[in-house]
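Here is a short tour to read alongside your viewer. Take a look at the fold, and then we can go through the notes together.

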Amino acid sequence: MSNYINLPLSGLEEPLSEMEQLVQDTAHRFAEEVLRPAGTRLDGMSADDAIAPESPLWAVLEQSAGLGLSVKAMLDLPPLERERLLLIAAEELAWGEPGLGGMVLVSQMPGLYAALAGNLDMVDFCDGKLGCWGITEPDHGSDSLDAGGSIAAVEGDYGRANCVARIEGDTIIVNGQKSAWVSGGTVAEVCALYCHYEENGEVRPGISLIVPLDLPGVTRGKPLEKIGLRALNQGEIYFDNVEVPLSHLLAGPEQYVDFVRHTLAEANVHVANMAVGIARAAYEHAHAYAHERKQGGLPIIRHQSVKYRLFHMFRKVEASRALVRRVMTYNATAPEAALQGSISAKVTATQSAFEVASDAVQIFGGNGLTREYPVEKLLRDARAMLIADGCNEVLALKGGSLLVKPELL
């Protein structure tokens, strides 16, 4: 008698509501039938070809609009219900194809951050437009996420900002450059821009605003070639005296440090959730292959070392999802989101995804190193996640700084 239990897509999570089940089923089918075939094609294309007019990317993005996951469409839902639906759907998209799942997610970020700022006019403005989030710069990567400077070296200095905005009357004027790591940067229509602020000759953090990327003075760099998440377009954005209406402001210099903190608390959970999808896909491929592949006259899952490895892959997927959902629930219901929780979820889930994907390659053996099988791509995608949305080392320093209790010093 077999003791095997068929778990649902969400593994050991509590049963889904009728709406959640519908969203999951729809996203899973879209991921399997649309994202996976398109992602395989895009992974083998150059970064230029991947955004060319004939690229399959555009059909995918057009079809993804039918999933009903836009910020505006979900804004009237209670925060916990909205966040659960987004995470359930996004895990399936990342399970299908992490790069394309990332494109769908990042496209919603300007509207998401506008909602976080309480600027509902900008939520409306961003609705239906391809979006991106511009915060890192050529000389400032993950340190851009530490707007308050809490983890700077004792004798350290942020240094010269690469992108600066100033306010003149009812206009925000932006000059400078955002780095090649702006996801969606070379194709987006709107940008949630986070940059330094200049006032009376002094430059300091910071300011956040929605920038339409068809304004005069906006130019783009070449799309970035990289080892993983190749379906996720990334590239530089340049600003030359770009004039943006003041109504597009999300956070001024007095609110900026707190706004970056709240933004990261939201973003880290979503990136962690993507990593859960990657890890789950790698585990499922390895689990199926272990039943098919025979060595020593038996399917390799009969070998103790393979069962041992698969079990640890399974527990890492489940532990990562549990932490991601737990942090999401806390942040959606608490008076203030706990950034240290979001960072914990991101670091845990991305590190676990890399380990699970590496173990999947090991189970596939030599076949795992070839492009005929999906796990080598998942390993490349998982590796990129250790850096995406803030490298794990800097995030851990930031998380540690949030554990310091001043009254005990």
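How many cavities of 30 Å³ or more does the count come to? The count comes to two cavities, where a cavity is a set of points on a 1 Å grid over the protein atoms alone at which a 1.4 Å probe fits but cannot get out. Please keep in mind that this is a predicted model, in which local features need pLDDT of at least 70 and side-chain atom pairs count only at pLDDT 80 or more, while totals for chains, interfaces and linings use all residues. Residues are numbered from 1 along each chain as its sequence is written, and side-chain values use heavy atoms, with hydrogens and water left out.

**Domains and annotations**

- The protein is divided into domain 1 (18–129), domain 2 (132–254) and domain 3 (257–404), with bounds that come from an automatic or database domain assignment.
- Between the centres of domain 2 and domain 3, taken over C-alpha atoms, there are 29 Å.
- The contact between these two takes 17 residues from domain 2 and 18 residues from domain 3, contact meaning heavy atoms within 4.5 Å.
- In an unreviewed UniProt entry, residues 132–242 carry the annotation "domain: Acyl-CoA oxidase/dehydrogenase middle"; UniProt positions are in the numbering used here, feature names are shortened, and annotations may be inferred rather than shown by experiment.
- That span, residues 132–242, is 0% helix and 42% strand, and its end C-alpha atoms lie 17 Å apart; helices (H or I, at least four residues) and strands (E, at least two) are DSSP runs, numbered from the N terminus.
- The unreviewed UniProt entry also has the annotation "domain: Acyl-CoA dehydrogenase/oxidase C-terminal", which covers residues 260–396.
- Residues 260–396 are 77% helix and 3% strand, with end C-alpha atoms 16 Å apart.

- The largest cavity has a volume of about 70 Å³, a volume being the space filled by probe spheres set on the grid points, which are joined across faces, edges and corners.
- Its lining includes Ala 47, Ile 51, Leu 57, Pro 223, Arg 230 and Gln 234, where lining residues have an atom within 4 Å of a point.
- By class, the lining of the largest cavity has eight nonpolar, two polar and two charged residues; Ala, Val, Leu, Ile, Met, Phe, Trp, Tyr, Cys and Pro count as nonpolar, Asp, Glu, Lys and Arg as charged, and the others, Gly among them, as polar.
- Domain 1 (18–129) and domain 2 (132–254) each give at least three residues to the lining of the largest cavity.
- The second largest cavity has a volume of about 40 Å³, and among its lining residues are Leu 42, Met 45, Ser 46 and Lys 226.
- Five nonpolar, one polar and two charged residues make up the lining of the second largest cavity.
- Why does the second largest cavity lie between domain 1 and domain 2? It lies there because both domains give residues to its lining.

**Strand pairing**

- Strand S4 (residues 190–199) runs antiparallel to strand S5 (residues 202–212), and ten bridges join them; two strands pair if DSSP finds at least two bridges between them.
- Leu 209 in S5 is the bridge partner of Leu 193, and Leu 209 also has Leu 249 in S8 as a bridge partner.
- S5 and strand S8 (residues 249–251) run antiparallel, joined by two bridges.
- Six bridges join strand S2 (residues 163–168) to strand S3 (residues 171–178), again antiparallel.
- Val 164 stands opposite Asn 175 in S3 and opposite His 196 in S4.
- S2 and S4 pair in the parallel sense over two bridges.
- S3 and S7 pair in the antiparallel sense over seven bridges, with Val 174 and Val 242 as bridge partners.
- S6 pairs with S7 over three bridges in the antiparallel sense, and Arg 220 stands opposite Ile 237 in S7.

**Backbone details**

- Most residues other than glycine have a negative phi, and most peptide bonds are trans.
- A cis peptide bond joins Pro 205 and Gly 206, with omega about -15°, and Gly 206 is in strand S5.
- Leu 229 has a positive phi near 50° and lies in the loop between strand S6 (218–220) and strand S7 (237–245).
- Asn 200 takes a positive phi near 55° in the hairpin of S4 and S5, which has two residues between the strands.
- The hairpin of S2 and S3 also has two residues between its strands, and Gly 169 in the turn has a positive phi of about 65°.

How values were computed:
1 Å grid on protein atoms, 1.4 Å probe; cavity = no way out; pocket = protein on both sides within 12 Å on 5 of 7 lines; lining within 4 Å.
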